[in-house]
Amino acid sequence: MTRLAGKVAIVTGAARGLGASISRQLHAEGAQVILADVRDEEGAALAKSLGERAHYVHLDVSSETQWADALAAARRRFGPVTVLVNNAGIYRTQATVDVSVEDYLQIIRINQLGTFLGLRTCYPQMRDAGGGSIVNIASTAGIEGVPLALAYTASKHAVVGMTKAAALEFGPAKVRVNVVCPGAMLTPLLVESLHVPLSALSAAPFANSPMGRMGDPAEIAPTVVFLASDASSYTTGSEFVVDGGLTAGVKMPAQ
Ligand SMILES: NC(=O)c1ccc[n+]([C@@H]2O[C@H](COP(=O)([O-])OP(=O)(O)OC[C@H]3O[C@@H](n4cnc5c(N)ncnc54)[C@H](O)[C@@H]3O)[C@@H](O)[C@H]2O)c1
C-alpha cells in the first residue's frame, strides 16, 4: 500500500463524509496528508487517529487568506503540496423561486469559488515541485440537472468546466487535473439535506439505479487514489463518474 509514498496531499472538507474516507485511503497508501475543514474538532481528531503523516489545518475554502495560510502550514509541515483534493462542498434543496441571492451565492462561494481558490493557490507549488495532481469532487449534478438544486447544479457544472480549463493550462507544467462525479453517497450531507429517515433513503430513486442502492463513502476514494497516483500519469481533463450507473440512461420498468 505505497502507491502514494512521497506525495504530500491536501484534502478539503476532510472532517467527515467523502473527505474523511479519501484522507484515510490517501494516508493508507503512504501519502502525507493535510486534512482541511471548518469542523476543527472532528478534523483534528481524525488527523490524530491517522498518526504521524497526517496533520489538520482550519480552512474555509471560500477564504483567499485562509488558503494562503493553510498552504504555508502544509509546506512547513511536509514540504510542497503535490496532490490537491478539492472536496469541500455543501448541498441545499429549495424551489428556485424561493432561493435568495445570498442562498445562491453561499453555494457558489463554497463549491465553485472554493475550488477555484484551491486550484489557484496550489498550482504554483506543484509547478515548482515538477508536477502534481488535482482531483476535484463534482457530482452527477455536474453532468445533468437535479430538481430543486439549481445553485448546486450550477456550481458542480462549473467545477467540471474548471477542471478542463485548468487541465489545458497546467498540463505543460505536468500538473494534471481531473474530476470525480459521485452519485448518491450515504454521507451526512445527503442524510441531513433530505430530511428523511435513513430507511426511506434506501428506497426510490436510488433503488432504481443499476446497483439498486446508494453508494458507501469508501467507494469514491479508490478513484481518487488512482488519480493522485502515477498510475494515471496520462490522464488529465477527464470526468470519472462513480454513481452505481445512476446516469447510464433510462431504465425501463421491470417486466
Ligand atoms: N454525498 C453525496 O451523495 C455526494 C454526491 C455527489 C457529490 N458530493 C460532493 O462530495 C463532496 C463531499 O460531500 P459529503 O457528502 O462528504 O459532505 P459532508 O457534508 O458529509 O462533508 C463535507 C465536509 O465539507 C466541509 N465543509 C463545508 N463547508 C466548508 C468550507 N467552507 N470550507 C471547508 N470545508 C467545508 C464540512 O465541514 C464537511 O466536513 C461535496 O463537494 C459534495 O458536493 C456528494
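**Figure 1. Helix α3 and its buried residues.** The buried residues of α3 are W67, A70, L71, A74 and F78. They cover an arc of only 100° around the axis, which puts them on the same side of α3. The arc is that of the directions from the helix axis to the C-beta atoms. Buried means that 20 or more other C-beta atoms lie within 10 Å of a residue's own; exposed means 12 or fewer, partly exposed in between, with C-beta atoms placed from the backbone. This is a predicted model: local features need pLDDT of at least 70, side-chain atom pairs count only at pLDDT 80 or more, and totals for chains, interfaces and linings use all residues. Residues are numbered from 1 along each chain as its sequence is written.

**Figure 2. The other face of α3, its cover and its end.** Exposed residues T65, A68, A72 and R76 sit on the face turned away from the buried side of α3. The cover over its buried residues includes β1 (8-12), β2, β3 and α4 (101-129). Helices (H or I, at least four residues) and strands (E, at least two) are DSSP runs, numbered from the N terminus. Helix α3 (residues 64-78) has 15 residues, which at 1.5 Å a residue should span 21 Å; its end C-alpha atoms are 21 Å apart, which agrees. That expected span is 1.5 Å times one less than the number of residues. G79 follows α3 and has a positive phi, near 100°.

**Figure 3. Helix α2, buried on one face.** G43, L46 and A47 are buried in helix α2 (residues 40-50). Seen down the axis of α2, these buried residues fall within an arc of 100°, so they line one face of the helix. An α-helix has 3.6 residues a turn, so residues three or four places apart point the same way. The face turned away from the buried side of α2 carries exposed E41, K48 and S49. Among the elements that cover the buried residues of α2 are α1, β2 (32-37) and β3 (54-58). Just after α2 comes G51, with a positive phi of about 105°.

**Figure 4. The shell around the ligand.** The ligand is surrounded by 29 residues. A residue counts as near if its C-beta atom, placed from the backbone, lies within 6 Å. The closest are G13, G17, G89, T187 and L189. Helices α1 (17-28) and α6 (188-194) each supply at least two residues of this shell. By class, the shell has 16 nonpolar, 9 polar and 4 charged residues. Ala, Val, Leu, Ile, Met, Phe, Trp, Tyr, Cys and Pro count as nonpolar, Asp, Glu, Lys and Arg as charged, and the others, Gly among them, as polar.

**Figure 5. R16 in the loop between β1 and α1**. R16 is partly exposed, with 17 other C-beta atoms within 10 Å. Leaving aside neighbours within four places in sequence, R16 is in contact with R39, E42 and P188. Contact means that two C-beta atoms, placed from the backbone, lie within 7 Å. R16 and E42 are 26 residues apart in sequence, yet their C-alpha atoms are 7.4 Å apart.

**Figure 6. G145 in the loop between β5 (132-137) and α5 (150-170)**. G145 is exposed, with 11 other C-beta atoms within 10 Å. H157 lies 12 residues from G145 along the chain, and their C-alpha atoms are separated by 9.2 Å.
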